[in-house]
Every structure is written in C-alpha cells, then in structure tokens.
Amino acid sequence: MTVVLSYHRIVEREPSEVDSRWKSFTAILLLVIIASCLVLSFSLHGLLVDFKYNCLLDANLKFNLKANQTLGDGSNNSIISPFANYTIDEYWSSWSNGAYCETLQYAPLLQGISSTIWLALFLIHGPGRIMPQPWRIVFPSLVYFFGCLVTSVLTASFITQGLAKFCTEFWQVDTKRDYSCAQYVVLFALAKEPSALVQGDKNFLLTLVFPWVWVGATCLGFKEFFSERPATMTYNMDELKKRSVASTSYNISSNLKPTGKDEKAPASAKPSITEITRTHPTAYVIFASLLLDLLAFTMILPLLPSLLEYYRKNDNQLYGYLASSIKQFQLWIGAPERFTSVLFGGALGSMFSFLQFLSSPIVGALSDYYGRKPLMLLCATGIAASYGLWAYSESFLLFVIARFIGGISKGNVSLCMAVITDVSNQQNRGKAMALVGIAFSLGFIAGPMIGAMFARFSDKSGVLWFFAPAMFAMLLAVADILFLALCLKETHPKEKRSRQIINSLSHAIDHISIRALFRFSAVENLPQKDVRSLRRLGVTYFLYLFLYSGLEFTVTFLMYHKFGYTSIDQAKMFLTTGVLMAILQGSVVRRLPERLVQKSAVFGLYLIIPAFVIVGLAESSPVLYLGMILFAISTAFVVTCMTTITSQYGDFHQKGTVLGVFRSLGALARAVGPIVASIAFWCVGARITYITGGLLLLWPALMMQYLKL
C-alpha cells in the first residue's frame, strides 16, 4: 500500500512523468473488460432468446418423448441422434427466477458502460496535459478495479455454475454423454428460428469463456497497481513529503503582471505554464450538467418507435386525423400503414431540430445581455417541463407539445459552448471542448441503455407505459437545475455584457438567415480566399449532415419494423456503436496530426457510403451490425475532423463566429434531413432509401477530397 500511495503522490504532482507503458497497459485492460462484458451480455441474451426468455441457469428440465420420425430416405433419425425424439417440456420444467438471469445479463452490461466512462476519464488524465493538477486517478482506479474484480468473480461463478447444472440435465436423455453441451443447446432450443446475432452453440461457448476473460483482465488491472516499479523515475520519501506539502496554487493575474525593467521578479510571481493551461473548474461543471441533460435526452431514442406505435393504436384525435389525411396518398403509393409512424417520427425529429436551430442563436444573444446562468436555468427548466408533460401525454397532441417545448429549450448546448469560451483561453480551450465531446459520447452510450431498461420492465399494452422513463428523465433534468443553481457561477460579468439587447439579437439573425449562413456573412475582415474555402466547406458539411442525419434518424425504425428489435436490442446496437466511437475519438481522432485531418475526413466520408448500402441490403442481424460498425467508424472521424479544419480559419477573435456559423449549418441540416428521409422511407421503403442515400453521400466525399484549404 505504501508503494501505491507513493505512486499516487507522483501522479498527482507530475502526471506527465508517469511511465507511458503503465498508462497504455491500463487502457488496454479497460478495453478488454469493455469488450468481454459486451460479448458476455449479448451472448447470454442470445441463450435466453433461444429458450424463449426462460432462465436456464440452474434449471430442472423435464423432457417429453415424441413419436419417432423418419428421414427422407426412410431411416430412423435415432441413428443420427439417440435423443432427437425428446423435447423440453417448457411448462413442467422448473426454470430459475427470471430476475436472476436478468441480473447476470445486465451486470456485465453496466460494468461495460462504467468501464467506458472510466476509460474516458483515464484517457483525459493519461497524457498529463489535460489536467495539470489531475484528478487523483491511481487510488480511485485501485478501488474501481477491486469493485470490478468482485463483480466479475461473482458473475462468472454464478454463470459457470448455472450452465454446468443446465448441461447435466441433458444426461437424462443422453446417458452415454457423447454430445457436448453446446450441441444440446442447438438441438433442444425452444425457439426453432432463433433471432440472436450468432448461433446457439457459439452463444453457449462465448457465455462460458468470456466471464473468465473479464475476471482475468480485472485481476491484471488490479495487480498492476502493486507493481514494484510503477514509473520510470524514482523518488525517495523525503522528496515525496517535500512535494506533498509544497503549495502549487498561483494567481494567474499576478503571474501575468509585468515587472519593471530593473525589478527582479519574485519566484512566486513567475508565470506558471501549469496555471495558464489548466482547465477551468467551470468546464467540469458544464461537463456534468451536459451529461445529465444528454442522459435524459437520449433515453427516448430506443423508445420512439414503440411510442409512435402506441399512439397509432390508441390516439384517434391528432394522430388519427393526420393518418386519415394522408390515407389516399398512402394507398396510392402502397405504403404500409405501420410505416406511418416513421413519417410522423421524422416530422417530430425535424421539428425538434428546427426549433433548436432557431432558439440557439436567440438564447445566446439573450445571454450576452442578461448573463449565462439565468438563461441556462431557464433552458433547463423548460427541458424538465417537457419531460414532465411527456410523462402524462396520453394523446399524441400532448406528446407533440412536449417535444415542442423541449426543442425551444434546447439552446442550452450553445450556452455551454459560450460558458466554456468565457472561462478558457487559447491554450486550454481545446481541452475544455474535449470535455463536451466526451459528455456527448457518454450520454449517447448510457442514455439509450437506461431508456431500454425501463422499457424492458414496462407493459407496453398498458396506458402510459412510458411514465417511468419520462419521470426518470424529468428527475435528471431537475437534478441538472439544482446542480446549475448551486455550482455554476456567472461567467459573463456585467461590464462585458451587451449594452443594448437589440444589438445582440441583430447578430443572432446572421445565424438564422439561411442565405447569411451559407455565405458566412457574420464573419468579417477575412481574406476572400479563406471566405471561398469556408463557403465550400460549409456546403460540404451541410450536404453530409443532411443525408447522414436522415438515415441516422430512421435506423431505429428500420431495426423495429424490419428486424423486430425490441428497445433493449436497439440499445445494445447504440451501445456497440457508441463505445466504438468513444474509443476511436479518445485514442485516434484527437491525436491526429494536422496533415492527416483532411485525409481522415475524406476517409470517413467514403467509408459511410458502403455502411449505409450494407444497412439497406441487410437481411440478418450480423450484416446489420457490420453496416452499423462501419457507420460508427466513419462518424468518429468526419464531424470532428471537419470541425478541426474549420477552426483553422480566422484569427483568435473570429474563430468563435466561424464555428458558430458552422454549427448553425449543421443544425439546419439536422432540421431538414429526418423529415426527407422519413418521407422516402414511407414512400419507397428502407432498402431504396438507404442505398440511394449512401450513393448520394459520394457527392460531399468528392467535394471534400478536392477541397483546397
């Protein structure tokens, strides 16, 4: 323990001196834990699907004897399998409690999500530059790996014991024990047409092996903290004590205060690079607030298809009126009635994004006059109210009103960017913005899974089955309000605020006017060559996001209508793609050298073409997963790289305006894309929509490839 605590002090004081091999090895172990947890959860889910969600661990099986059947050549099938004439009696078999299997299924899933979050935090700390006085990562990591070790050992033990007991049940009919348990699973599966991603025998082997891969990786991670040589440098205890009592707090303003020509600057007044590059504490407040907001916002993603199906069957007012209004056109084009929910879902998605597009510049302008904190609290209150209204929206009209209020209140994201701009400088702004990206990644990983877990235990045939997830989202929003009220300090003082509100609002018009957006009219005193490049880059970005956002929005309906995915199945897809994107953004994209940024953006744009074509052609879950994995890899590169390219234009005071116009173009594309793609999905079906959209993405890819920066 002395070694660990000593190492803790070293990392706390000089993180940049920590052995890079230790950091890399720990990150790799976390990746192995994430992968093994996801594989274990998915494979156990596949086994449960094969046995119609009956908990097979520690089950006592009863078998029925069928009448002998002959093969096509007249031979008896007992020659091939002596117990092929037996079936499991689902009713009289004694299955284990369903909550037991669900706990063992979701425990590794939650561990994978938490490990992803921990990996993100570890990567922030790792290089020793994001946090000059870093969060104390070593000792908390030791505690984390210990908790992970306990969870993994218990889960692996219960699963192994349960599968072993399950396998012995088959010895009732196979006394010679000539077959493996994996073969029993295939032969005795209750679902004769399994919908799992891989076959039953492979699911069994994966479920048997990967709990112990999880345990092994956790043991190595736990052991790594007790290494005798944790860092490349050596410190004696006197040095450690001296460092532990040394004060490291400096006053930035005093550091930057000039001294006279002949005056010798005192030691305490020497500029500290650590202080200048340190991420402001307010950035972490914004990170936490944004994470709470995104967790609540993304919960609805896997629930939306089921929600719209609920209104299609139960709402005869607004939904019924709109459905009857398009009935004749629907019959003329031959669109299935169940696809009407896709059309209305696209309209809702575009409405929400369009309202966000309108409100963000206006809220930003008002915050220039009234201050950031009041507007942040106002937006958070509106978001909480929208979730509360959703919880009681028996009718489709109330749900539309709830989404309307939520869209109007979504200016908080642009306010978060403004707050970070207020408290950061040129040296640390990129590090603070990285926290925003991490909050988005974590929100889109954990949020859909939370929503799907609520849906898993909800009776969708009942009234207001979505009450629990909506109320939980509202609780997160209320927690965000309290957190902002208590922790956020005003970052835009009165002396820096706009003197006339009309001036602020006039600048906001440039971010709403479509013509002004594409011409980058808000950016002044920029060379004409740079303006032309920015305009071409803006058009490329708009075309990409217009096509991308529409296909991305409708993929949940594709999984629901074509593949019969439940909310939990959709959440697992979001989890897989989200983890992959977070890993790529944290390990590869943020370390790209400047010369490779444009090439990486072009690579991502070309990669998404086959991704959407594969999704459109997919007839099975493995092919769909392949397309979505390519989609995740592409997404990790394109937007980040294009934003990085855009940030290179303009001087320090112009970059905020340039990026603001760029984000507004993206918001406009997201406002138009979902409704267009949903109309295409409704009219011509998913296959033509995705293949056509994928091929059209060749246009922005070529524009990006030949763009001269």
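A residue counts as buried when its relative accessible area is under 20%, and Ser533, with a relative accessible area of 3%, is therefore buried. Ser533 belongs to helix H22, which covers residues 528–561, and, once its neighbours within four places in sequence are set aside, Ser533 is in contact with Tyr649, Leu707 and Lys708. The model described here is a predicted one, and every value quoted below was computed from that model.

**Overall make-up**

The protein has 709 residues, of which 52% count as buried, and its secondary structure comes to 28 helices and four strands. Among the contacts between residues at least 6 apart in sequence, 83% join residues at least 24 apart.

**Two helix contacts**

Helix H22, the helix that holds Ser533, also meets helix H11, and the axes of H11 and H22 come within 9 Å and cross at roughly 70 degrees. An angle of 65 to 115 degrees counts as roughly perpendicular, so H11 is roughly perpendicular to H22. On the side of H11 the residues that meet H22 are Leu304, Pro305, Ser306, Leu308 and Glu309, and on the side of H22 they are Phe553, Thr556, Phe557, Tyr560 and His561. Sorted by class, the residues of this contact of H11 with H22 are six nonpolar, three polar and one charged.

A second contact joins helix H14 (residues 340–370) to helix H15 (residues 372–391), whose axes lie 7 Å apart and whose packing angle is about 140 degrees. That angle makes H14 oblique to H15. The contact is made by Val363, Gly364, Leu366, Ser367, Asp368 and Tyr370 of H14, together with Arg372, Pro374, Leu375 and Cys379 of H15. By class, the contact of H14 with H15 consists of six nonpolar, two polar and two charged residues.

Helix H14 also contains Met351, which counts as partly exposed at 22% relative accessibility. Apart from its neighbours within four places in sequence, Met351 is in contact with Val400, Arg403 and Phe404. The C-alpha atoms of Met351 and Ile675 are separated by 8.7 Å, although these two residues are 324 residues apart along the chain.

**Aromatic residues**

A search of the whole structure finds 28 aromatic pairs. Among them is the edge-to-face pair of Tyr100 and Phe158, with 6.3 Å from centre to centre and 70 degrees between the planes. Tyr100 lies in helix H3 (residues 98–125) and Phe158 in helix H4 (residues 138–168), so this pair ties together parts that are 58 residues apart in sequence. Tyr100 is partly exposed, with a relative accessible area of 25%, and Phe158 also counts as partly exposed, at 37% relative accessibility.

Another of the pairs is formed by Tyr310 and Phe466, whose ring centres are 5.6 Å apart and whose planes stand at 80 degrees, so that this pair too is edge-to-face. Tyr310 lies in helix H11 (residues 304–314), while Phe466 lies in the loop between helix H18 (429–456) and helix H19 (467–487), so the pair ties together parts that are 156 residues apart in sequence. Both Tyr310 and Phe466 are buried. These two residues are also members of one aromatic cluster, which is formed by Tyr310, Tyr311, Tyr319, Phe344, Trp390, Phe396, Phe399, Trp465 and Phe466.

The two pairs described above are set out in the following table.

| Pair | Centre to centre | Angle between planes |
|---|---|---|
| Tyr100 and Phe158 | 6.3 Å | 70 degrees |
| Tyr310 and Phe466 | 5.6 Å | 80 degrees |

An aromatic ring also takes part in an arrangement with a charged group: the charged end of Lys410 sits over the ring of Phe297, 4.8 Å from the centre of that ring.

**Backbone angles**

Most residues other than glycine have a negative phi. Asp58, a residue other than glycine, has a positive phi near 60 degrees. Asp58 is placed in strand E1 (residues 55–60) and counts as partly exposed at 27% relative accessibility. Phe520 likewise has a positive phi, near 55 degrees. Phe520 is found in the loop between helix H21 (514–519) and H22, and, with a relative accessible area of 3%, Phe520 is buried.

Terms used:
Residues are numbered from 1 along each chain as its sequence is written. This is a predicted model: local features need pLDDT of at least 70, side-chain atom pairs count only at pLDDT 80 or more; totals for chains, interfaces and linings use all residues. Side-chain values use heavy atoms; hydrogens and water are left out. Rings of Phe, Tyr and Trp (its six-membered ring) pair if their centres lie within 6.5 Å; planes under 30 degrees apart count as stacked, over 60 as edge-to-face and the rest as tilted. Buried means under 20% relative accessible area, exposed over 50%, partly exposed in between (1.4 Å probe, protein chains only). A charge sits over a ring if NZ of Lys or CZ of Arg is within 6 Å of the ring centre and within 35 degrees of the ring normal. Axes are lines fitted to C-alpha atoms, for helices over the stretch in contact, and angles run from 0 to 180 degrees between N-to-C directions. Angles under 35 degrees count as roughly parallel, over 145 as roughly antiparallel, 65 to 115 as roughly perpendicular and the rest as oblique. Contact means heavy atoms within 4.5 Å. Ala, Val, Leu, Ile, Met, Phe, Trp, Tyr, Cys and Pro count as nonpolar, Asp, Glu, Lys and Arg as charged, and the others, Gly among them, as polar.
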